[in-house]
Amino acid sequence: MKRLELAIESVILASRWLLVVFYLGLGVALAIYALSFGKKLYEFVMTAFTLGDTETILKMLGLIDAALVASLVVMVIISGYENFVSRFDEQDGEVHWLGTIDVGSLKVKVASTIVAISSIHLLQVFLNSVSYTTDQLMWLTIIHLAFVVSALMLAYIDRVMALAKGKKAEMD
C-alpha cells in the first residue's frame with residue numbers, strides 16, 4: 001500500500017511540470033502582443049504630428065496600457081514557474097524580486113496591475129467621453145471601483161496572513 005501511495009504522490013508532484021506548457025504559451029502570447037505593440041507604436045509615430053493633444057494622450061495611454069499588460073504577463077510567468085514548478089538556477093542579471101514573491105503577494109501584485117490597467121482604460125474613456133453614454137460611463141466607473149476594492153481586500157488578506165505567520169513563528 002505504501003508503494004502505491006508513493007507512486008501516486010510522484011505522479012501528482014510530476015504533474016506540476018504540465019504548467020510549463022502554460023508558461024511557454026504565455027511567452028508566445030507575449031511575443032505576439034509585442035508585435036501588436038510594435039504596430040501601435042509605428043502607427044503612433046507615423047501620425048504623431050497630425051494628432052491633437054487629446055488623441056496623442058490617448059495613443060500614449062494605449063502604449064502604457066500595453067506595457068502594463070506585458071509586465072503582468074511576465075510577472076505571472078516568472079512567479080508562477082518559480083512558485084509552482086521549479087526554482088530558477090543562479091544567473092547573472094537575476095531579477096531582484098525572483099524567489100521573493102509568494103502566491104499571496106503575487107495575487108496582490110496582479111490585482112494592483114489590473115487596477116492600474118483599469119485606471120488607464122478609464123482615463124482613456126473619460127478623455128473620449130463624448131463617445132460614451134452616461135450609463136456606460138457609470139458602469140465603467142463601477143467596474144473599476146470593484147477592481148480597486150478587490151485589490152484592497154487581497155492586500156488586506158495578504159497582510160493579515162503575514163502577521164499571522166509572524167506571530168506563529170514567534171510562538172515556535
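**Reading the overall fold of a predicted model**

Q: Where should I begin with contacts, and what share of those with a separation of 6 or more joins residues 24 or more positions apart?
A: In this predicted model, residues 24 or more positions apart supply 65% of the contacts in the protein that have a separation of 6 or more.

Q: Which secondary structure elements does the protein contain, and how many of each?
A: The protein has 5 helices and 0 strands. Read from the N terminus, the order is α-α-α-α-α. The radius of gyration is 21 Å, well over the 16 Å that the globule rule gives for 172 residues, so the protein is more spread out than a compact globule.

Q: What box do the C-alpha atoms fill?
A: Along the principal axes, the box is roughly 70 × 35 × 35 Å.

Q: How is the protein divided in the domain assignment?
A: The assignment gives domain 1 as 1-100 and domain 2 as 101-171. Taken over C-alpha atoms, the centres of domain 1 and domain 2 are separated by 19 Å. Across the boundary, 18 residues of domain 1 are in contact with 16 residues of domain 2.

Methods:
Residues are numbered from 1 along each chain as its sequence is written. This is a predicted model: local features need pLDDT of at least 70, side-chain atom pairs count only at pLDDT 80 or more; totals for chains, interfaces and linings use all residues. Side-chain values use heavy atoms; hydrogens and water are left out. Helices (H or I, at least four residues) and strands (E, at least two) are DSSP runs, numbered from the N terminus. The radius of gyration is taken over C-alpha atoms; the globule rule is 2.2 Å times the number of residues to the power 0.38. Contact means heavy atoms within 4.5 Å. Domain bounds come from an automatic or database domain assignment.
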